[in-house]
Amino acid sequence: MRTPLIAGNWKMYKTVSEAVAFAKEFRSVVKDVSGVDIVLAPTFTAVHAVAEAVRATNVAVAAQDVYWEKEGAFTGEVSASMVREAGAEYVIIGHSERRRLFGETDVMVNRKIRAAQGADLTPIVCVGETLEEREAGATLAVLDRQIKDGLDGLTPEQVAALVIAYEPVWAIGTGRTATAAQAQDAHAHIRGRLRQWFGADTAEQTRILYGGSVKPDNTAELVREADVDGALVGGASLDVKSFGEIVTKSRQAVV
Ligand code: PGA
């Protein structure tokens, strides 16, 4: 049985003080929720302060990216061990905004996953097709490439320990969610590939989240799907009430 995971990706929103105020309010909203892993992903500047604010609670912290080198002359970059020491336990890797705006490739995603796991961080690896790719009937081929190249050379144990987030690019920040059936189709395909490439045990253990315009009122139908193990939430995670509702609705959907 896979424990559902709900992660809030704050992108480039919230200063340190705003992030800490959110974390303090949010930790009491979700304090009685069990059976769901809950993660907040603030900007780098707020990782440490948010980790302190949720220390010893059921809320964990993710960074939104890491560089793959341990240290060195890489101005502006942050290493996996640095965010781990700052209190993060997870890291989002290969978000479509990083791929599209900052030129991240599957090879870079692969390096970042290795660096993250080497520093004891759980990677949340984002994959997903653009609208153009979907309309051209290329969705599954795009997912295959992103997964094959992104996870290249990892052991079955390493794959079982990471999290995949299926985020169709056309659904991110657009208000246009994939239907539960579209999400389930893509998730089942991804799990099938994991089975083929990394074995049945790994495929059963790896969590696959859905992301793209997740809101309190569509959470339950998505998370109820057999291969949807939670959500990566952007816009709706910026508000304590709506993100709290997403967490509780996902809990209800899986019991
Ligand atoms: P959204 O973003 O929920 O605002 O669509 C999701 C994401 O980018 O992870």
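1. Helices (H or I, at least four residues) and strands (E, at least two) are DSSP runs that are numbered from the N terminus. The structure is a predicted model, in which local features need pLDDT of at least 70 and side-chain atom pairs count only at pLDDT 80 or more, while totals for chains, interfaces and linings use all residues. Residues are numbered from 1 along each chain as its sequence is written, and side-chain values use heavy atoms, with hydrogens and water left out.

2. Val29 belongs to helix H1, which covers residues 16-29. With a relative accessible area of 43%, Val29 is partly exposed, where buried means under 20%, exposed over 50% and partly exposed in between (1.4 Å probe, protein chains only). Val240 stands 211 residues away from Val29 along the chain, yet their C-alpha atoms are separated by 8.1 Å. Apart from neighbours within four places in sequence, Val29 is in contact (heavy atoms within 4.5 Å) with Val240 and Gly244.

3. The ligand is surrounded by 13 residues, of which the closest are Lys11, His95, Glu167, Gly173 and Ser213; a residue counts here if one of its heavy atoms lies within 4 Å of the molecule. An oxygen atom of the ligand lies 2.7 Å from a polar side-chain atom of Lys11, and for His95 the distance from a side-chain N or O atom to a ligand oxygen is 2.7 Å. In Gly173 it is a polar backbone atom that lies 2.6 Å from an oxygen atom of the ligand. The protein covers 96% of the 280 Å² of accessible area that the ligand has on its own, as computed by the Shrake-Rupley method with a 1.4 Å probe.

4. Thr43 lies in the loop between strand E2 (37-41) and helix H2 (44-53), and is buried, with a relative accessible area of 15%. Leaving out residues up to four places away in sequence, Thr43 touches Lys11, Met12, Tyr13, Lys14 and Gln64, and Lys11 is also one of the residues closest to the ligand. Ala63, 20 residues from Thr43 in sequence, is 6.8 Å from Thr43 in space, C-alpha to C-alpha.

5. Thr219 sits in helix H11, residues 216-223, and is buried, with a relative accessible area of 0%. A polar atom of the Thr219 side chain lies 2.7 Å from the backbone oxygen of Lys215.

Key:
Polar contact = N/O pair within 3.5 Å; in protein donor to acceptor, adjacent residues only side chain to side chain.
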